[in-house]
Amino acid sequence: MMFLVRIIDALIRVLGIRTSAEAQPLGTAGSRIHVDQYTPRFDDGPVGLTEALDFWSAAAAAANVVMQLSMPGVGHGVVESRVESGALMEHPWKRLRTTAQYMAIAVLGNDEERAAYRDAVNVAHRQVRSTAESPVQYNAFDQDLQLWVAACLFVFYEDTYQLLRGKMTQAQAEGFYHHAWPLGTTLQVTADQWPPTRAEFDTYWNTTCQTLEMDEVVRDYLMRLVDLKMINPILRAPLAPLLRFLTIGFLPPLFRELLGVPWSPTEQRQFENLFLFVSVVNRFIPRFIRTVNYTVLMADVRHRIRRDKALI
Amino acid sequence: MPGFLDNVGRLLNYRMPIGELIGLGLFLGAPYLTIGLIWTLTHTGSLHGIRGLDLVVSFLGSIVAWPVLLIANVCMQ
């Protein structure tokens with residue numbers, strides 16, 4: 001699959017669409033991804049979180065998991081988790097469904113659906129507590145840990161949305177940020193815990209980034225995820241190199257360093273060119289096709305609630 | 001049936017950017033025209049004895065109008 005990325009990169013370079021020839025961002029210990037050239041933006045009206053729903057954003061999913069697990073409490077909570085039925089390495093497809101479903105419900109669900117999912121997640125989270133052997137103390141109900149995960153989810157939507165639709169104006173970014181609150185409040189994060197403005201979110205994010213650490217245990221776990229060690233080898237062979245490329249591309253420099261993965265200016269250029277290309281194609285894809293994965297997830301969760309089936 | 005009417009109303013009220021409409025047109029048009037091309041290439045009988053511009057128009061017309069030609073022989077004079 002990586003050859004597609006190279007073909008698109010060559011195409012964009014031949015067409016001369018980029019104004020700056022080479023990407024510049026390396027070496028800075030940035031806490032957010034840096035993109036030299038975003039696709040142009042054609043509207044300045046308010047942007048809701050629902051507009052950020054798009055199947056291409058799956059490209060950033062693994063990078064987001066890395067960011068979430070970079071907080072030691074979250075990382076060890078996930079790696080040591082005794083909840084076998086939700087283990088990423090044991091049931092990767094189920095874990096993909098439940099995590100994506102949580103995000104779909106947080107954005108699209110009504111209050112009852114959010115409450116139903118919260119109850120289901122709480123049952124699993126109750127078993128996620130550190131033991132005497134754990135290197136760090138954690139508890140899945142810890143609101144600071146949950147706020148970090150919710151903040152990562154917001155970054156997921158902001159980064160993917162801007163790569164696909166262009167950079168938001170400050171007013172748009174502010175409104176978009178406020179729509180994102182249910183990403184955390186669907187679980188135990190409270191409204192007053194969220195940084196009240198987009199600027200204060202940056203402060204929270206940058207301050208928290210300085211406290212992140214990653215040890216060998218979490219790093220090994222994440223590298224197995226990035227290399228797709230948990231799925232069928234036939235699927236893995238074509239997908240793993242692409243996922244690795246996308247994951248490292250969506251990781252801010254600071255997280256690349258934590259994970260210990262290299263990233264070159266050439267790869268950065270390929271990454272940006274890929275999304276310049278995808279963003280153009282994407283403007284022609286009808287919304288109901290781009291959001292079909294969310295439609296299916298919501299239909300499934302409503303079916304499960306109606307039939308009283310297990311949500312997670 | 002209010003449920004049915006609701007759905008029709010929602011469909012009629014669905015907003016779509018022009019770009020996505022063009023994309024949807026390409027998305028639906030590509031298979032339609034591919035079938036039309038295959039159908040035309042395998043049903044060349046009607047094109048015998050036609051020349052020049054008439055042949056081009058008949059050929060393209062057949063690609064576009066293949067569903068009609070499936071059930072009836074239409075002559076364009």
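A: In this predicted model, helix α2 of chain A, residues 61-69, packs against α11(A) at an angle of about 50°, and the two axes are 7 Å apart. As for handedness, α2(A) passes α11(A) in a right-handed crossing.

Now for the residues that meet there. On the α2(A) side you'll find A:Ala62, A:Ala63 and A:Val66, and they meet A:Leu243, A:Thr247 and A:Phe250 of α11(A). Sorted by class, that contact has five nonpolar residues and one polar, with no charged ones.

Follow the chain back from α11 and you come to the loop between α10 (216-226) and α11 (233-250) of chain A, which is where A:Leu228 is found. A:Leu228 has a positive phi of about 55°, although it isn't a glycine. It has 20 C-beta neighbours inside 10 Å, so A:Leu228 counts as buried.

There's another non-glycine residue with a positive phi: A:Asp308, near 65°. A:Asp308 is found in the segment after α15 (292-307) of chain A. Here the count is 7 C-beta neighbours inside 10 Å, so A:Asp308 counts as exposed.

Last, a word on the partner chain. Five residues of chain A are in contact with six residues of chain B. The chain A side of that contact has three nonpolar and two charged residues, and no polar ones.

Note on methods:
Residues numbered from 1 in each chain as written. Chains lettered and ligands numbered in written order. Predicted model: local features only at pLDDT ≥ 70, side-chain atom pairs only at ≥ 80, totals over all residues. Contact = placed C-beta atoms within 7 Å. Nonpolar A, V, L, I, M, F, W, Y, C, P; charged D, E, K, R; others polar. Helix = DSSP H or I, 4+ residues; strand = E, 2+ residues; numbered from the N terminus. Buried ≥ 20, exposed ≤ 12 C-beta atoms within 10 Å, placed from the backbone. Axes fitted to C-alpha atoms, helices over the stretch in contact; angles between N-to-C directions. Left-handed = near helix turned anticlockwise from the far one by under 90°.
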